[in-house]
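This report looks at a ligand site, the annotated positions and one further residue. The structure comes next.

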Amino acid sequence: MRRQEEPLLVLTMGCPAGVGPDVILAGARDLVRLPARILVLGDARVLRERARILGLSPPLSLVKTPEEARAGRLNLLSLSELSVQPGKPTLEGFQAMVRYIREGVRLCLSGQAAALVTGPISKEGLAAAGEPYPGHTEMLAALTGAREVAMAFWGERLRVVLVTTHLALKEALKRLSPEAILRAARLAHRFLQEDLGIKRPRLALSALNPHAGEGGLFGDEEARILAPAVEAARREGLPLEGPFPADSLFFRAASGEFDLVVALYHDQGLIPFKLLHFRDGVNVTLGLPIVRTSVDHGTAYEIAGTGRADPASLIAAVALALRVATHRLCRPQVPPDPDSPYRLKA
Ligand SMILES: NC(=O)C1=CN([C@@H]2O[C@H](COP(=O)(O)OP(=O)(O)OC[C@H]3O[C@@H](n4cnc5c(N)ncnc54)[C@H](O)[C@@H]3O)[C@@H](O)[C@H]2O)C=CC1
Ligand SMILES: NCC(=O)COP(=O)(O)O
C-alpha cells in the first residue's frame, strides 16, 4: 500500500484550554506509527505553546489542505490562532472547538476523511458557544442527519451501550421504555457485527433495581419494561439476555460471558467501565453515517499543561476508529436519513 492510500482520520483538538492538546502531543509518537494519515483540526499556536510548556517536540507538520496530509507524522490544519492559558477556558476557545468539530464532520461527509476522532470538549462551553446540544453525540447526529444514535464505550475487557445519556437521573428513569432499550441494543448489535466483525455477539441487559427487583419486592421496572424489551428483542432475533442484577452483571461481562452490556443510565454503565478502562477506554457514537470515536475523558482543566494527562484513551480511540473505518471502507456507507428528527433546519 502506498503512503497516500492510507485512510485519512481527522482528530479534533477539543477545548484549547483543556487536556486535548496535551494528549495529542503526548500521544503523537504512538499515533504516527498507525497505518493512517492523521489530520489534527486545531490550533498551531496553542499546540506549539503547550509543547513548549510540556517540553515535548512532537512530529507535527502544518498543512494547508487535507490532501497534504501524510502518514508517519501528525498533520495539523490550523483553524484558529488563540493565546490560551492551560486550564483557563475562554469563549473564543469554545467557539474554536465547535469549528474543529464542524470541519471534521464536513470532511467525513464529503468522503475525504474515513473517520472522526474527537478530543474533549466542555459541555458548558458548547452551550456558551451557542450550540443547543448536550454533547458531541447529539451535535454529530444533527450535523450528519442520523435518525437514531447511541453512546457506547469500548474497552478490551468491557463494552457498554447506554439507553439514556446526559439527563438528570429522575428524567432518565422516566425515559426508560422497551423501545428505547431495543434501539440501543439494535445499534450495539449492528456495531459489533458489522463494524467489528463479531459473528454472534452476546448482549446482556442490566436490571434497574437491586437483585433485578427481587420478584417485584424492590420495584416493578424489570417486569413492566425490561423483560418485555428482552422478549421483543428475542422475537426479532436480537441476542439480548437478561435483565440481570447490575451488581454482578458487569463482572460477568468483564470475565467474557457477554460482549456488551446494555446499561440503563449514564453512571450505571460508566462507573464499572471507567473502573476498568479509565485510562484506555473509548467512546463511540453508534448509528451515525460516519465513524466517530472519542477519548472517554473530559477536559480535565486542572491538569492541562502539567504533563499528567495520559494519552492512552486518545491512542485507543484513533486505533478503534481506524479498525472500524477500514472495515467500513469495504462496504457501502449509510446515507443520511431525510426524516431524521435531528436534521438541521436550513
Ligand atoms: N468526550 C468529551 O468531550 C467529554 C467531555 N466531558 C466534559 O469535560 C468536562 C470535565 O468533566 P469531568 O467530569 O471533570 O471529567 P474529566 O474526565 O475531565 O476529569 C475527571 C478526572 O479524571 C482526570 N483525567 C481526565 N482525563 C485524564 C487524562 N487523560 N489523564 C489523566 N487524568 C485524567 C481529571 O484530572 C479528573 O481528576 C465537563 O464539561 C464534561 O462535560 C466529559 C467527558 C467526555
Ligand atoms: N460521559 C461521556 C460523555 O460525556 C461523552 O459525551 P459526547 O460529547 O461524546 O456526547
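A residue is near a molecule or strand if one of its heavy atoms lies within 4 Å of it.

## Basis of the model

This is a predicted model, in which local features need pLDDT of at least 70 and side-chain atom pairs count only at pLDDT 80 or more, while totals for chains, interfaces and linings use all residues. Residues are numbered from 1 along each chain as its sequence is written, chains are lettered from A and ligands numbered from 1 in the order in which they are written, and side-chain values use heavy atoms, with hydrogens and water left out.

## The shell around ligand 2

Around ligand 2 are Lys-123, Gly-135, His-136, Thr-137, Met-151, Phe-153, His-166, His-266, Leu-270, Asn-283 and Arg-292. By class, three of these residues are nonpolar, six polar and two charged. Here Ala, Val, Leu, Ile, Met, Phe, Trp, Tyr, Cys and Pro count as nonpolar, Asp, Glu, Lys and Arg as charged, and the others, Gly among them, as polar.

The side chain of His-136 has an N or O atom 2.9 Å from an oxygen atom of ligand 2. For Asn-283, a polar side-chain atom is 2.9 Å from a ligand oxygen, and for Arg-292 the distance is 3.0 Å. On its own ligand 2 has 310 Å² of accessible area, of which the protein covers 87% (Shrake-Rupley method, 1.4 Å probe). Two or more shell residues come from each of α5 (136-144), β6 (150-154) and α10; helices (H or I, at least four residues) and strands (E, at least two) are DSSP runs, numbered from the N terminus.

## Annotated positions

An unreviewed UniProt entry places the feature "binding site" at His-166, His-211 and His-266. These residues spread over 101 residues of sequence and up to 25.3 Å between C-alpha atoms. Such annotations may be inferred rather than shown by experiment.

His-211 sits in the loop between β8 (203-206) and α8 (221-235). At 45% relative accessibility, His-211 is partly exposed (buried is under 20%, exposed over 50%, partly exposed in between; 1.4 Å probe, protein chains only). His-266 belongs to helix α10 (residues 266-277) and is partly exposed at 22%. Beyond four places in sequence, His-266 is in contact (heavy atoms within 4.5 Å) with Leu-162, Thr-164, Thr-165 and His-166.

## Thr-118

Thr-118 lies in strand β5 (residues 115-118) and is buried, with 0% relative accessibility. Its contacts outside four places in sequence include His-136 and Arg-292.

Note on methods:
A polar contact is a pair of N or O atoms within 3.5 Å; within protein, one must be able to donate a hydrogen and the other to accept it, and residues adjacent in sequence count only if both atoms are side-chain atoms.
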